[in-house]
Amino acid sequence: MDDPITAAVKADKQAGVPAPGLEETKAIAEEGFIFGLPIVMNYAVMNEYAVDAKGSQFKAPFNQLDNTHRVATYEDTAVVTPNSDTPYSVVWLDLRAEPMVISVPAVPLDRYYSVQLIDGNTYNYGYMGSRATGPEAGDYLVVGPDAKVDKPAGIKEVFTSTTPFSLALFRTQLFQPDDMPNVEKVQAGYKVQPLSSFLKQAAPPAAPKIDFLPATTDGIKQNFFEYLDAALQFVPESAEDKPIREKLATIGIGPGKKFELKDLSLEHKAAVMLGMKAGDEKVDKFLASGIKKVNGWSIGSFFGNREFFKSDWLMRAAAAKGGIYGNDAAEAVYPITRVDADGETLDGNKHQYTITFPAGQLPPVNSFWSVTMYDGKSQLLIKNPINRYLINAPMLPSMKKNEDGSLTLYIQKESPGEGKESNWLPAPDGPIYLVMRLYWPKTETPSILPAGEGTWQPPAVVRVN
């Protein structure tokens with residue numbers, strides 16, 4: 001008599017589902033989860049921002065720029081660890097019919113701005129902005145994976161996406177709340193248009209309409225492999241991902257599949273779920289230990305382009321889970337922590353904390369820095385009585401320094417008192433997740449670069465009570 005595993009495999013074969021054995025299925029699902037996590041997360045955000053016009057997170061249809069005239073708050077839930085330093089402008093590019101031109105205005109050098117280009121593989125494949133291209137105005141061309149385009153006159157640079165759908169994220173520095181009208185003036189100078197429009201030529205035929213499988217960030221865990229199956233249609237195969245895609249096809253996922261994932265037996269479906277769980281645990285383990293620990297902060301550099309990742313799917317998955325759409329280290333470095341100086345989990349329900357920057361040892365940047373508070377469970381911003389989600393460099397004039405010139409931040413759920421409230425970063429009533437951001441980090445000493453090995457180190461979070 002067959003044991004239950006052999007019986008399950010035979011039953012699948014008799015039903016015409018040529019799935020591999022249960023152990024192999026689990027192993028493929030584990031590897032597939034790690035490979036596919038960034039692709040799925042990105043697909044869900046694309047659906048929420050550009051496809052589902054009735055959804056609460058919708059920004060604008062493809063190829064239409066949406067300028068947000070505010071910074072992120074606790075109500076923004078599509079992207080984990082949202083940046084609340086810089087109002088965003090967002091455009092999802094559909095590069096199938098023709099390339100798109102992104103135009104930026106002249107922006108004073110003292111106001112940081114950047115345009116980050118991210119494709120469906122979550123590769124950062126190009127930058128415009130204060131660091132990358134300078135303060136001058138310019139026109140830049142973004143092309144899809146199969147485009148054969150010579151650089152037109154007037155175009156400063158051409159950027160190539162590995163996928164037909166791509167995200168362009170514009171960050172524009174806000175100095176303080178009453179500075180918003182000046183940010184809006186910069187945003188008004190951002191422009192996105194098809195190449196034919198830029199060249200004043202007739203437009204090519206429109207690309208066919210796609211009925212995207214609906215997806216939400218909230219639905220990723222329950223529908224992971226269904227989302228991956230849908231998303232892979234829009235991520236062209238590459239030499240480095242061909243082997244894992246061939247494996248995924250054998251369990252009913254992706255363009256090359258011979259059957260649907262839903263056709264698997266209950267036993268095989270259970271093996272897929274177990275594989276996904278194992279993959280998720282590997283990603284968490286990498287996030288916890290795969291980067292340098294400095295005074296309790298984890299500092300790494302795991303965002304970049306295709307050449308940067310070199311098919312390291314685990315690093316790419318950890319980057320996405322830690323905070324999808326993070327910048328290259330040259331653009332920004334993100335120390336993160338969930339623990340205090342003694343390695344104990346940060347918890348706003350149990351303790352109060354401080355972070356003290358010694359005199360003359362604020363984060364070394366060409367632009368600005370911030371410390372942002374997130375809920376430790378959801379990695380989202382938290383509702384609080386003073387609507388403060390971060391403390392950053394532009395706030396320094398209104399903050400109080402200690403007698404020795406050092407600067408102390410108070411990390412707690414209740415106000416530390418009127419005299420200290422200018423330095424208060426409100427904490428959640430539970431686990432805390434802190435993210436420091438150093439925009440355009442300095443390369444000369446002291447520097448946080450190379451990430452995790454630099455001469456400047458973030459100060460530890462110290463428990464007060």
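## The largest pocket

The lining of the largest pocket comprises 11 nonpolar, 6 polar and 7 charged residues. These values come from a predicted model. In total, 24 residues line this pocket, and M41, V80, T217, K221 and K321 are the ones nearest its centre. Two elements, α2 (22-51) and α7 (266-289), each supply two or more residues to the lining of the largest pocket. The largest share of that lining comes from α2, which provides 4 residues.

The space within the largest pocket amounts to about 590 Å³.

## The second largest pocket

The second largest pocket has a volume of about 420 Å³. Its lining consists of 17 residues, and Q176, P177, L390, N392 and M395 lie closest to its centre. By residue class, the lining of the second largest pocket contains 9 nonpolar, 6 polar and 2 charged residues.

## The nonpolar cores

The largest nonpolar core is made up of 109 residues. Within this core, W92, F225, L248 and L434 have the most contacts. The element that gives the most to the core is α2, with 15 residues.

## The surroundings of W92

Which residues does W92 touch, not counting residues up to four places away in sequence? The residues in question are N42, V45, M46, Y49, A50, F62, N63, S166, L167 and Y325.

Note on methods:
Residues are numbered from 1 along each chain as its sequence is written. This is a predicted model: local features need pLDDT of at least 70, side-chain atom pairs count only at pLDDT 80 or more; totals for chains, interfaces and linings use all residues. Side-chain values use heavy atoms; hydrogens and water are left out. On a 1 Å grid over the protein atoms alone, a cavity is a set of points where a 1.4 Å probe fits but cannot get out, and a pocket is an open set with protein on both sides within 12 Å along at least five of seven lines; lining residues have an atom within 4 Å of a point. Grid points are joined across faces, edges and corners, and a volume is the space filled by probe spheres set on the points. Ala, Val, Leu, Ile, Met, Phe, Trp, Tyr, Cys and Pro count as nonpolar, Asp, Glu, Lys and Arg as charged, and the others, Gly among them, as polar. A nonpolar core is a set of buried Ala, Val, Leu, Ile, Met, Phe, Trp, Tyr and Cys residues joined through side-chain atoms within 4.5 Å. Buried means under 20% relative accessible area, exposed over 50%, partly exposed in between (1.4 Å probe, protein chains only). Contact means heavy atoms within 4.5 Å.
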